[in-house]
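Here is a friendly walk through a structure, written for someone who likes to know the cut-offs behind each term. Have the viewer open as you read.

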Amino acid sequence: MIRMLERDDIPTVLLKGRAMHEESPVFNPSKYDDKKVEALLIQSLEDNYNVCVVVAEDDGQIVGGIIAMAFEEFYGPERTSADLALFIDKDKRGGLTAARLIKAYEAWAKLVDVSTVTLGVSTGIHPLRTSALYKKLGYGDAAYSYRKRI
């Protein structure tokens, strides 16, 4: 089942977020701050117009989720959105869970007056497979991102 985050989900989503962070060769050199992530999750409950957290359940257990934000473009009034994280338990990857989470994210974006949604491939976890899924769902290459730790 795909649904919006509920307050009781927060401890589980924090653990899932930490696991994704640790698995990511890109992000794991940086500190993971539970309190900061928790504040964002709570914000999604209080401000669903700008922050979205959708979770996927299997047999009553959260097995994945997507976190996204909506905002005005810096150059004009059009609202856009971008995902901050898409996480799926390792044993649930390769099925329909990610696609269903993305479709729920898109539905939320339409409800909050977003005209463009963006998905990133930034964790370094299966980037080619993730890109192939995004393209299958109708997304096109939009930009490249480069990272340098200083």
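## Around Pro25

Leaving aside residues up to four places away in sequence, Pro25 touches Thr123, Gly124 and Ile125; a contact here means heavy atoms within 4.5 Å. Pro25 sits in the loop between helix H1 (10–23) and H2. With 53% relative accessibility, Pro25 counts as exposed. On that scale, buried means under 20% relative accessible area, exposed over 50%, and partly exposed in between, with a 1.4 Å probe and protein chains only. Thr12 is 13 residues from Pro25 in sequence, and the two lie 22 Å apart in space, C-alpha to C-alpha.

A word on provenance: this is a predicted model, in which local features need pLDDT of at least 70 and side-chain atom pairs count only at pLDDT 80 or more, while totals for chains, interfaces and linings use all residues. Residues are numbered from 1 along each chain as its sequence is written, and side-chain values use heavy atoms, with hydrogens and water left out.

## Overall build

The protein has four helices and five strands, and from the N terminus the elements run β-α-α-β-β-β-α-β-α. Both kinds are DSSP runs numbered from the N terminus: helices are H or I with at least four residues, strands E with at least two.

How does the radius of gyration agree with that of a compact globule? For 150 residues such a globule would have a value near 15 Å, and the protein has 15 Å, which agrees. The radius is taken over C-alpha atoms, and the globule rule is 2.2 Å times the number of residues to the power 0.38. The C-alpha atoms fill a box of roughly 40 × 35 × 35 Å along the principal axes. Of the 150 residues, 39% count as buried. Among contacts with a separation of 6 or more, 60% come from residues 24 or more positions apart. The accessible surface comes to about 9,400 Å², with 54% belonging to carbon and sulfur atoms; areas come from the Shrake-Rupley method with a 1.4 Å probe, and for residues only the protein chains shown count as cover.

## The sheet

Five strands form an open sheet in the order S1-S2-S3-S4-S5, with mixed pairing. Two strands pair if DSSP finds at least two bridges between them. At the edges are strand S1 (2–4) and strand S5 (116–118), each pairing on one side only. Neighbouring strands are turned by 25° against each other on average, direction ignored. Axes are lines fitted to C-alpha atoms, for helices over the stretch in contact, and angles run from 0 to 180 degrees between N-to-C directions.

S1 and S2 run antiparallel and are joined by three bridges, with Ile2 opposite Ala56 in S2. S2 and S3 are also antiparallel, joined by eight bridges; the partner of Asp58 in S3 is Gln61. Strand S3 (residues 61–72) and strand S4 (residues 79–88) run antiparallel with nine bridges, and Ile66 has Leu86 in S4 as its bridge partner. Seven of the eight residues of S2 are buried, leaving that strand mostly covered. Helix H2 (residues 34–46) lies across strand S2 (51–58), S3 and S4, at about 100° to S2.

## Positive phi values

Most residues other than glycine have a negative phi. In the hairpin of S2 and S3, with two residues between the strands, Asp59 takes a positive phi near 50°.

Asp113, in the loop between helix H3 (97–111) and S5, has phi near 65° and is exposed at 53% relative accessible area. His126 lies in the loop between S5 and helix H4 (127–136); its phi is near 50°, and at 38% relative accessibility His126 counts as partly exposed.

## Aromatic pairs

How many aromatic pairs does a search of the whole structure find? There are three. Rings of Phe, Tyr and Trp (its six-membered ring) pair if their centres lie within 6.5 Å; planes under 30 degrees apart count as stacked, over 60 as edge-to-face and the rest as tilted.

One of them, Phe74 with Tyr75, is edge-to-face, at 5.2 Å centre to centre and 85° between the planes. Both Phe74 and Tyr75 are exposed. Another, Tyr134 with Tyr139, is tilted, at 6.3 Å centre to centre and 55° between the planes. Both Tyr134 and Tyr139 are buried.
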